[in-house]
Amino acid sequence: MTLTMYILTLILLIISFTTNKIKTKKALKKAWKAFEHILPEFLVVILLVGLLLAIINPELIAKLIGPSSGWFGVIIAAVVGAITLIPGFIAFPTAALLLDGGAGYMQIGAFISTLMMVGVVTMPVEIKYFGKKLTIQRNLLAFAFSFVVALIIGLVVTSI
Amino acid sequence: MIKLLKRYKIFLLILGATLILMLINRPLGIKALSVTVYSFKEMILIIPPIFVLLGLLDIWIPRETMMKYMGDNSGIKGIILAFIIGSAAAGPLYGAFPVAAVFMKKGVKFSNVLIFIGAWSTTKVPMFLFEASSLGLTFALTRLFINIPGILIIAWILSSMTKKETIETIYSNASKF
């Protein structure tokens with residue numbers, strides 16, 4: 001996927017460059033300015049991810065949302081998913097392992113949902129563009145919505 | 001220099017905290033640092049094309065075009081486009097916000113910006129394939145089917161809850177970047 005993005009970007013960049021050099025230069029300048037503008041927040045997010053994942057590791061997650069943890073487990077799973085930011089290719093296999101370890105589909109549904117939709121560590125970036133109020137509202141709504149996701153996944157997946 | 005220090009104040013503070021953790025609990029500190037180095041590599045790898053595309057979009061696509069397809073009167077067309085662009089994206093959620101800022105600068109409707117962010121956060125195509133292979137097709141499909149109305153509802157609630165002045169402030173803020 002990253003490769004596709006690079007190829008697409010490169011093709012567009014070449015088209016842009018052959019059409020208008022000055023405009024392309026301007027676009028690249030814009031790209032750099034936009035990046036430099038948000039870089040401090042990006043670095044904060046990356047450090048926070050490191051600190052959080054050192055403390056909340058897969059073993060601890062497994063302990064917290066293990067078998068028969070029930071609704072309490074769903075809440076814990078949602079909270080853990082909300083405050084951590086785990087790349088997909090680590091998150092999904094971890095979730096699969098948790099399922100094998102006996103965690104319920106409802107807990108995993110809540111965990112995956114908040115992991116992707118709610119971003120406590122990415123809030124510094126979101127606030128810079130959308131302001132505090134809207135950022136908090138969006139994250140709260142997404143958090144609440146994740147329980148709906150958990151409930152329906154629990155109903156659908158376990159009944160099949 | 002002082003301005004630069006001020007901008008990176010929080011970063012330096014957390015960096016300090018990580019180093020202190022390294023002194024108190026070496027294995028935990030090393031783990032935190034290695035995850036950070038890993039995320040840094042991810043950022044360096046994935047972020048550049050996002051920003052270059054964002055720059056090209058900003059320079060080449062006229063505001064009128066963006067408004068026609070995704071602006072206030074774009075209707076269902078704008079909603080579908082917001083979903084498609086968000087779902088086709090690669091990269092972590094924090095990459096979505098700078099792109100959203102350019103969308104706002106180009107006059108994309110606020111609810112469509114929110115739909116775009118929702119789609120980027122949770123209905124990305126590569127992620128869906130990965131999810132289906134790790135957790136099963138039923139799991140991934142169920143989540144996708146709940147997420148589509150969920151993203152729309154969240155976007156609708158947020159855009160009707162937010163005052164017009166607040167939206168205007170966010171838009172004028174976005175045009176500065």
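This is a predicted model: local features need pLDDT of at least 70, side-chain atom pairs count only at pLDDT 80 or more; totals for chains, interfaces and linings use all residues.
**Entry 1: domains of chain B**

I began with chain B, which is split into domain 1 (1–46) and domain 2 (61–174); these bounds come from an automatic or database domain assignment. I then looked up the spacing: the C-alpha centres of domain 1 of chain B and domain 2 of chain B are 30 Å apart.

Residues are numbered from 1 along each chain as its sequence is written, chains are lettered from A in the order in which they are written, and side-chain values use heavy atoms, with hydrogens and water left out.

**Entry 2: confidence in chain A**

I checked pLDDT, the predictor's confidence in each residue, from 0 to 100. Chain A has a mean of 89, with 96% of its residues at 70 or more. Helices here are DSSP runs (H or I, at least four residues), numbered from the N terminus.

**Entry 3: the core**

Next I looked for nonpolar cores (buried Ala, Val, Leu, Ile, Met, Phe, Trp, Tyr and Cys residues joined through side-chain atoms within 4.5 Å). The largest one holds 103 residues, and A:I108 and A:F130 have the most contacts inside it. Helix α2 (residues 21–55) of chain A gives the most to this core, 15 residues.

**Entry 4: where the chains meet**

I counted 69 residues from chain A and 71 residues from chain B in the contact. Together the chains bury about 6,800 Å², 81% of it on carbon and sulfur atoms; buried area is the accessible area (1.4 Å probe) that two parts lose on being put together, summed over both. A:L47, A:Y129 and A:F130 supply 11% of the area that chain A buries against chain B, more than any other three residues.

There are 2 salt bridges between the chains (a side-chain nitrogen of Lys or Arg within 4 Å of a carboxyl oxygen of Asp or Glu). One I looked up joins B:D58 to A:K30, with the closest N and O atoms 3.4 Å apart.

How values were computed: Buried means under 20% relative accessible area, exposed over 50%, partly exposed in between (1.4 Å probe, protein chains only). Helices (H or I, at least four residues) and strands (E, at least two) are DSSP runs, numbered from the N terminus. Contact means heavy atoms within 4.5 Å.
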